[in-house]
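Please read it beside the sequence and structure shown here.

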Amino acid sequence: MLGNRYRLVEPLGHGGMATVFRARDETLGRNVAIKVFHTAEAESGRIDGELAVLASLDHHALVQLIDAGAEPDEYGRANRFIVMALVNGPDLHVHLASGARLSPRHVAEIGYDMAEALDYMHAHKVIHRDIKPSNILLVDYRDGSARARAKLTDFGIALADDRERLTAQGVTTGTAGYLSPEQASGGEVAAATDVYSLGLVLLQCFTRHLEFPGSVVESAMARLQRDPVVPGELPELWRLLLTAMTSRNPDDRPQRHDLVAALRQVVIAESGRHRDDARQPLFPDETARTAALHRTTILDTLPNEALDRVTAMAARLFAAPIAIVSVVDHDRTWFRSHYGEAVDEIARQIDVTSAVAPSTEPVVVEDGRLDERTSQNPLVTGPLGLRFYVGVPLRRANGAVIGTLSVLDVIPGTVTAAEVANLEDLAALVVSQLELRQLSLLTTVEMTAPSFVRPEAGAAGANR
């Protein structure tokens with residue numbers, strides 16, 4: 001029980017900062033969703049930021065904040081949580097991955113709900129900054145309705161009133177596949193950023209693939225060099241709208257009211273074009289309702305404390321000031337960094353993630369200024385002045401490369417085969433930690449609970 005009121009039932013999703021549970025409000029006799037923040041993150045300013053944004057917003061296409069509190073554990077630490085309305089239905093990422101049917105009319109209706117959400121948010125000077133399929137929840141009212149409805153969630157990195165929300169110290173997070181060009185290039189982020197990201201999401205609903213896949217660097221470079229490919233077989237209204245939404249120039253993208261009006265017209269057009277589908281519900285059976293229950297990706301299982309030890313150990317192994325673990329998983333890229341005191345202040349102001357693009361083999365750069373692969377890299381020529389780099393792949397048992405463990409320094413160095421082998425052993429430990437925790441999250445509910453709770457296993461339910 002949390003706050004002597006909310007009984008945790010089962011976990012619905014796991015992230016680097018928190019676990020989301022299905023819970024029962026014993027006072028009002030209703031189901032809710034509770035986001036329990038991990039103890040290490042309990043004092044993070046990002047939690048206060050998310051709470052401030054959620055508390056300031058009230059719209060039918062946004063997940064509603066109900067309550068917030070803190071529960072002390074046996075060590076006297078305050079484990080913070082927020083209570084939200086429970087959305088019955090999977091997120092859009094799961095729906096697409098399951099192969100479930102998504103008609104053009106349903107795509108238009110989902111887009112229309114999201115456009116209304118953005119219209120409301122942007123009017124209140126809130127920019128989401130992380131529009132992606134896994135943050136769009138599909139609502140199943142269990143009434144057989146043919147109208148697709150969606151709600152936007154996860155305001156952990158939103159901008160409100162020009163104040164940037166904080167992330168955990170030493171961690172860089174990003175959703176590489178859905179960043180706008182201005183985000184990818186470090187430019188000014190405004191309302192047009194959310195419009196671009198939503199355009200990529202709607203495009204993916206038709207193509208069923210990520211338009212800009214790959215690492216942060218590969219994905220960012222691709223969108224700076226070309227526009228997304230909009231299928232020529234789409235109706236003209238869709239082609240014009242998606243092309244405008246994903247323009248590389250923010251000024252050319254539809255603004256608040258224009259986007260809502262355009263998607264309303266697309267809904268009308270699709271409803272008339274597909275009369276036979278007019279009464280087909282988005283969830284024709286139980287398959288889509290339960291598809292998300294066992295969704296546990298690598299990025300949902302990252303053991304932060306263990307990875308902090310690994311990066312610190314890697315840095316000590318090479319007597320280097322910087323070590324980074326990067327993991328790429330579907331539509332997200334995650335980083336855990338260790339910075340020594342000598343570079344701490346400047347390194348935190350620079351995006352060092354461009355130095356850790358995944359490679360299938362170890363990469364060694366003993367002097368970045370003399371190596372033709374890196375001599376023109378801004379991390380070498382810029383204020384940080386990196387000179388030394390060793391990176392080894394994070395390789396799963398099936399051979400798939402999911403990321404990189406790397407060590408960086410501002411002075412040149414030499415590397416022995418034994419040192420590279422030691423770094424590869426650490427990388428193997430990282431992958432082992434990820435896979436073991438992923439397996440445990442799939443097979444037992446009890447192991448996913450924070451130390452102060454032991455939730456009872458519940459029946460299969462809806463996604464967060």
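Of the 464 residues in the chain, 54% are buried, where buried means under 20% relative accessible area, exposed means over 50% and partly exposed lies in between (1.4 Å probe, protein chains only). The model is predicted, and local features need pLDDT of at least 70, side-chain atom pairs count only at pLDDT 80 or more, and totals for chains, interfaces and linings use all residues. Residues are numbered from 1 along each chain as its sequence is written, and side-chain values use heavy atoms, with hydrogens and water left out.

**Overall composition**

- The chain contains 13 helices and 16 strands; these are DSSP runs numbered from the N terminus, with helices being H or I of at least four residues and strands E of at least two.
- Among contacts between residues at least 6 apart in sequence, 69% join residues at least 24 apart, a contact being heavy atoms within 4.5 Å.

**The five-stranded sheet**

- An open sheet is formed by five strands in the order S1-S2-S3-S5-S4, with antiparallel pairing; two strands pair if DSSP finds at least two bridges between them.
- Strand S1 (6–14) and strand S4 (65–72) are the edge strands, each pairing on one side only.
- From one strand to the next, the twist averages 30 degrees, with axes being lines fitted to C-alpha atoms (for helices over the stretch in contact) and angles running from 0 to 180 degrees between N-to-C directions.
- Strand S2 (residues 18–25) and strand S3 (residues 30–37) run antiparallel and are joined by eight bridges.
- Phenylalanine 21 stands opposite isoleucine 34 in S3.

**Nonpolar cores**

- In soluble globular proteins, nonpolar side chains tend to be buried together.
- A nonpolar core is a set of buried Ala, Val, Leu, Ile, Met, Phe, Trp, Tyr and Cys residues joined through side-chain atoms within 4.5 Å.
- The largest such core has 60 residues, and Leu92, Met121 and Trp238 have the most contacts inside it.
- Helix H3 (residues 104–123) contributes the largest share of this core, 10 residues.
- Beyond its neighbours within four places in sequence, methionine 121 is in contact with several residues, including Leu57, Leu62, Leu152 and Phe155.
- A second, separate core has 24 residues, among them Val325, Val390, Leu394 and Ala427.

**Valine 139**

- Valine 139 lies in strand S7 (residues 136–139) and is buried, with a relative accessible area of 10%.
- The C-alpha atoms of valine 139 and alanine 61 are separated by 9.9 Å, although the two residues are 78 residues apart along the chain.

**Aromatic pairs**

- Rings of Phe, Tyr and Trp (its six-membered ring) pair if their centres lie within 6.5 Å; planes under 30 degrees apart count as stacked, over 60 as edge-to-face and the rest as tilted.
- The count by this rule is three aromatic pairs.
- Tyrosine 6 and phenylalanine 81 form an edge-to-face pair, because their ring centres are 6.4 Å apart and their planes are at 70 degrees.
- Tyrosine 6 is in strand S1 and phenylalanine 81 in strand S5 (residues 78–85), so this pair ties together parts 75 residues apart in sequence.
- Tyrosine 6 is buried at 2% relative accessibility, and phenylalanine 81 is buried at 4%.
- Phenylalanine 318 and phenylalanine 388 form a tilted pair, 6.3 Å centre to centre with 45 degrees between the planes, and both are buried.
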